[in-house]
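Please look through the model below and follow its helix packing, its chain interface and its backbone in turn.

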Amino acid sequence: MNACTEKTIPVKVSTARTIEFAIFRHNPFDEASEPHFETYQLEEADSMTLFIALNEIRAKQAPSLQFDFVCRAGICGSCAMLINGRPGLACRTLISQLPTKVTLMPLPGFELIGDLSVNTGKWMRGMSEHLQTWIHSAEVSNFDAMEEKMAPEQAEQIYELERCIECGCCIAGCGTAQMRPEFVGAVGLNQLARFKIDPRDNRTDAQFYEVIGNEHGVFGCMTMLGCEDFCPKELPLAQQIAYMRRAMAAAGIN
Amino acid sequence: MQTIVTDALIIGGGLAGLRTAIGVKRRGFTPLILSLVPPKRSHSAAAQGGMQASLGNSAKGWGDNEDVHFADTIRGSDWGADQVVARMFVHTAPKAVRELAAWGVPWNRVQKGDHKSVINGEEVTITERDESHGLITARNFGGTAKWRTNYVADGTGHSMLYTMSNQAIAEGIEVHERMEAIALLHDNGRCQGAIVRNLITGELMVYLAKVTCIATGGFGRIYRVSTNAVINQGIGTAIALETGIAKLGNMEAVQFHPTGIFPAGILVTEGCRGDGGLLLDAKEHRFMPDYEPEKRELASRDVVSRWMETHIRNGHGVQSRFGEHLWLDIRLLGKKHINSKLREVKEICQYFLGVDPTESLIPVRPAQHYSMGGIRTDYRGESPTLKGLFAAGEAACWDMHGFNRLGGNSVAETVVAGMIVGEFMADSLTTEATLAISSTAIDSQVNEVRDELASFQRSENNENAWQIIEAMQSVMTDKVGIFRHGEQLAEAVTELQSLYERAGRIKVSDTSRGVNPELCAAYRAKKMLKLSLCVASGALAREESRGAHCREDFPLRNDKDWLKRTLTSWSPEAASPAIDYEPLDVMSMELPPGWRGYGGKERIDHPDTPTRQAEVDGVQAGDADRFAKQQQLMPFTGCLPEPFRGRNARLSEELDA
């Protein structure tokens, strides 16, 4: 029988495990607070995600617990954290795929706000301002006229790179970023690659070189490629870094 | 206390707020955006399927124009919309798409030649013109006569939001992230900024502004099952209500989207059905043609959601341990299409359901999705009662959606409203807007906020904020949902009133500095309960069915008695909202009330309808061109800011001329 004709949702049957969560706790605004782990027990439920689990822990056991969720659907990039040591999106992590002991820590490489909440927004805005992640072109002011044409496949290629959700997993998984806070990371390099292939952006390679032709940019990458391993959107980050490095090496020589 | 002064305070960093700020800035004023989250994480990012604008470039959109988009929008609204505002919207939407294209949105483009597509369950070939190649293409959405929804795969909102946010950064617009406006400052009937809580440090701050715009999105989280992001609690709408001066419009008009995945309620786009996906029941029978022979799966959302629930009530739902649901079938669209144009849908199915939609059916059931209601504004986006307070996007009842919004018209509204309202805010800054609030008024309003926050720490309090929010969400989903009945609505109002009283006794046990999530839940609970009471009371009072508001005890649309907009206010001393109404004038409508083209055909007509219809028919029968006819029926161009008045160029009109 075709699986589609079954009348129940094909989710795993709960074994009602009790999960032990060891959660990093620290409130930097409370002088008495020391970084530490606290443990919470929670009974697993069907289709339970870390979004559901953390909200339940907060509502019933730890009212001061801080974490960030917005879309809870894997598209906004708010909830990245270290889940048993690996960067990932908490909202779409199913408890059924985790062992009975789960350690949760805030994403490294970003300013801590409290507990599992980090300031990725500030970091990303800084990166955006530094790399100027917007279309540089002559100002168009008449939008009554027909739009400029673009090759259909070119638009699709741009979107391919634009799917980045600035979650910060690539920074958390990056050796260089941990050593060099100014490193723009895969998120920055990929975004510039996105603008480089966009025919609407008139920046030259020499201009890109000015911002990423150094150890804080594309030459800082040690090609350990944790970024690609942990990217929740499965972006081709290694390829984009290589593409930018070739272009920047050529621009540097010229 | 820190006080920050700016020309224009924009509350909300999604598409509407960002575009409004850009407009203000380009006119030489200083905007400042407050955002709960980094702007790129706003709920605008969740719009998957696309943005309606009548470019008419693709074969199935050929012949589209503002008139067709306007008629679709008014029919979708079940004649609840403000027709002048809808006209302003459809006229500006093509400019908005083109502006975003210039700023970087990689809109999917027309590919010339033959394409396989699926329409009404059957494979068809669509041939695109050579001349259209490379122009922005469109897909089909519900309730539309033409394929009009421009898109970027199924990440349209994401691409639009990233582009808009980057543009705001490029223009040097300041965004204060993780800031929550928890009260509006006002004096002498004029809004003068907001009292704001820093969601990192927990400190209160004062932002003073000559004009303020609320662009905080919808309030879906007053429901238990909602596609909305967790930040969509309607706090921006609530603080406008709490002034006692600004009013909310049509709060009972709440949209339920047909395809929330079951049971999590996460959205899968209408594009699934627009691209040819089908709705199936437990026997895998395609049931929508049985109810809606004309539009089938692609009637408006209110209609499709009601038929789905009806079909489940009739015993055709799929049983599961979480309750009953139906199936969405997109397998027939093929792997290539799903892997490129519906990849977010595919990811959502994989991660949250553990299924591959190229091979399996998707369990779906309608879920709360959109708030047509919001802060009542005039066509300029300003509150008619609280001067200096503007609103844009889902937070506003600008009122282009009436009682039901069409898919693809909401991201379109965010940007279009941002363009228009930004200009009117700048006009206001140029002419009348001043900062004239006394420090006594500021102090007394800040003290009220401080007192309220402190009240949650009283030792005798004994209620839990999260439990109260959960109870509220259950009342709303169970009793103020898709099908409504007077008895249940009356129960809902009573229960919400009791929850509201209990919310005054919420206990916050955590007293440490910082954001204090328990305190956030406490003050938000009270505000959300006020909104819930507005929705439930408005729904109880409105004794008819219109758009998404469906009363089983009053099943007909009643234009004779109910062709009017609900206005809700809440005076600071009151324990419940006050409701009054604003009539819609049939005699000035370009499209007089009639049958929508889907859904029920019976209704109670307004006495003016035949007279106005005869007038409209007379004009339409004349020889004038479409612009002249439109101008004669309902002039609107003068309402638009000057930069947006030009006619939109269209390939179809150039070639067919």
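At roughly what angle do the axes of H3(B) and helix H11 (residues 409-431) of chain B cross, and within what distance do they come? In this predicted model, the two axes come within 9 Å and cross at roughly 90 degrees, and that makes H3(B) roughly perpendicular to H11(B), since angles of 65 to 115 degrees are classed in that way. On the side of H3(B) the meeting residues are B:Met88, B:Phe89, B:Thr92, B:Ala93, B:Lys95, B:Ala96, B:Glu99 and B:Leu100, while H11(B) brings B:Asn409, B:Ala412, B:Glu413, B:Val415, B:Val416, B:Met419 and B:Ile420. Sorted by class, the residues of this contact comprise 10 nonpolar, two polar and three charged.

A helix pair in chain A has another arrangement to examine. Helix H6 (residues 185-196) of chain A packs with helix H7 (residues 205-212) of chain A at an angle of about 170 degrees, and their axes are 12 Å apart; that angle makes H6(A) roughly antiparallel to H7(A). H6(A) takes part through A:Leu189, A:Leu192, A:Phe195 and A:Lys196, and H7(A) through A:Asp205, A:Phe208, A:Val211 and A:Ile212. The contact of H6(A) with H7(A) is made up of six nonpolar and two charged residues, with no polar residues.

The next topic is the interface between the chains. Here 97 residues of chain B are in contact with 80 residues of chain A, and the two chains bury about 7000 Å² between them, with 53% of that area on carbon and sulfur atoms. Of the area that chain B buries against chain A, B:Arg41, B:Tyr351 and B:Phe352 supply 11%, which is more than any other three residues.

Side chains of opposite charge can pair when their charged atoms come close. One of the salt bridges links A:Glu160 with B:Arg343, whose closest N and O atoms are 3.0 Å apart; because A:Glu160 lies in helix H3 (residues 152-162) of chain A and B:Arg343 in helix H10 of chain B, the pair joins two chains. Another salt bridge is formed by A:Glu166 and B:Lys40, with the closest N and O atoms 3.2 Å apart. Across the interface of chain B and chain A there are also 41 residue pairs in polar contact, both residues being at pLDDT 80 or more. Several elements of chain B each supply at least two residues of the side that touches chain A, among them helix H3 (83-103), strand S16 (323-329), helix H10 (343-353) and helix H15 (517-541). By class, that side of chain B has 45 nonpolar, 26 polar and 26 charged residues.

Two backbone details remain. Most residues other than glycine have a negative phi, and most peptide bonds are trans. In chain B, however, a cis peptide bond with omega of about 5 degrees joins B:Phe262 and B:Pro263, and B:Pro263 lies in the loop between strand S13 (254-261) and helix H6 (271-274) of chain B. In chain A, A:Asp115 has a positive phi of about 50 degrees although it is not a glycine, and A:Asp115 is found in the loop between strand S6 (112-114) and strand S7 (117-118) of chain A.

Notes: Residues are numbered from 1 along each chain as its sequence is written. Chains are lettered from A and ligands numbered from 1 in the order in which they are written. This is a predicted model: local features need pLDDT of at least 70, side-chain atom pairs count only at pLDDT 80 or more; totals for chains, interfaces and linings use all residues. Side-chain values use heavy atoms; hydrogens and water are left out. Axes are lines fitted to C-alpha atoms, for helices over the stretch in contact, and angles run from 0 to 180 degrees between N-to-C directions. Helices (H or I, at least four residues) and strands (E, at least two) are DSSP runs, numbered from the N terminus. Angles under 35 degrees count as roughly parallel, over 145 as roughly antiparallel, 65 to 115 as roughly perpendicular and the rest as oblique. Contact means heavy atoms within 4.5 Å. Ala, Val, Leu, Ile, Met, Phe, Trp, Tyr, Cys and Pro count as nonpolar, Asp, Glu, Lys and Arg as charged, and the others, Gly among them, as polar. Buried area is the accessible area (1.4 Å probe) that two parts lose on being put together, summed over both. A salt bridge is a side-chain nitrogen of Lys or Arg within 4 Å of a carboxyl oxygen of Asp or Glu. A polar contact is a pair of N or O atoms within 3.5 Å; within protein, one must be able to donate a hydrogen and the other to accept it, and residues adjacent in sequence count only if both atoms are side-chain atoms.
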